[in-house]
Amino acid sequence: NNSIGSAVIRLAASSELFTNHYLRRHFAWYNSELWLEDIPPQARLTVCIAEKDDIINAKKVKVELDVHKQTCPHMSVIEWSGVGHGYCATSPSAWAEIKETMKM
């Protein structure tokens, strides 16, 4: 399920000395989580899901988002079919889609 975008990110992060050092030593992964229950209902939120993400189960996440959307009317979900984790990092068309969705 590896996409070209995921491979590019993995290669860049693992081979570039300073990026690799920073990510391994200074990035607190455990602080990088957000629970839907902690988001106030009036907050505007955009969630992007890659269908073939190798880190999360995109189908299960989508089910949870659909349930939460009932209490969070300002939530937008972008689903990218056939792509893996990190797709938006190397895709200008994804950037445009995110930007447009966030304007709504």
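Helices (H or I, at least four residues) and strands (E, at least two) are taken here as DSSP runs, numbered from the N terminus. The model is predicted, and local features therefore need pLDDT of at least 70, side-chain atom pairs count only at pLDDT 80 or more, and totals for chains, interfaces and linings use all residues. Residues are numbered from 1 along each chain as its sequence is written, and side-chain values use heavy atoms, with hydrogens and water left out.

The chain contains four helices and two strands. Their order from the N terminus is α-α-β-α-β-α. Of the 104 residues in the chain, 25% are buried, where buried means under 20% relative accessible area, exposed over 50%, and partly exposed in between (1.4 Å probe, protein chains only). Contacts were defined by heavy atoms within 4.5 Å. Among contacts in the chain between residues at least 6 apart in sequence, 65% join residues at least 24 apart.

Strand β1 (residues 45-50) pairs with strand β2 (residues 75-80) in the parallel sense, over six bridges; pairing of two strands requires that DSSP finds at least two bridges between them. Thr 46 stands opposite Ser 76 in β2, and Val 47 has Val 77 in β2 as its bridge partner. Together with helix α3 (residues 58-69), β1 and β2 make a right-handed β-α-β unit. A crossover is called right-handed if, with the strands pointing away from the viewer, the path from the first strand over the helix to the second runs clockwise.

Side chains of opposite charge can pair when their charged atoms come close. A salt bridge was assigned to a side-chain nitrogen of Lys or Arg within 4 Å of a carboxyl oxygen of Asp or Glu, and the structure holds two salt bridges. In one of them, the side chains of Asp 66 and Lys 62 meet at 2.5 Å, N to O. Because Asp 66 and Lys 62 are four residues apart in helix α3, about one helical turn separates them. Asp 66 is partly exposed, at 37% relative accessibility. Lys 62 also forms a salt bridge with the side chain of Glu 79 (3.7 Å, N to O). Glu 79 lies in strand β2 and Lys 62 in helix α3, so this pair ties together parts that are 17 residues apart in sequence. The relative accessible area of Glu 79 is 48%, which means that Glu 79 is partly exposed. Through shared partners, the salt bridges join Lys 62, Asp 66 and Glu 79 into one network.

Helix α3 also holds Glu 64, a residue that is partly exposed at 49% relative accessibility. The C-alpha atoms of Glu 64 and Leu 36 are separated by 8.8 Å, and the two residues are 28 residues apart along the chain.

In the loop between β1 and α3 lies Asp 53, which is buried at 13% relative accessibility. Polar contacts were defined as pairs of N or O atoms within 3.5 Å; within protein, one atom must be able to donate a hydrogen and the other to accept it, and residues adjacent in sequence count only if both atoms are side-chain atoms. The side chain of Asp 53 reaches the backbone nitrogen of Ile 55 at 2.6 Å. With neighbours within four places in sequence left aside, Asp 53 is in contact with Val 83, Gly 84 and His 85.

Thr 101 is placed in helix α4 (residues 92-103). Its relative accessible area of 13% means that Thr 101 is buried. The backbone oxygen of Glu 97 is reached by the side chain of Thr 101 at 2.8 Å. Not counting residues up to four places away in sequence, Thr 101 touches Arg 44, Thr 46, Ser 76 and Ile 78.

A search of the whole structure finds zero disulfides, a disulfide being a pair of cysteine sulfur atoms within 2.5 Å. Cys 48 is in no disulfide, and the nearest cysteine sulfur, that of Cys 88, is 6.1 Å away. Cys 48 is partly exposed, with a relative accessible area of 31%, whereas Cys 72 is buried at 1% relative accessibility.
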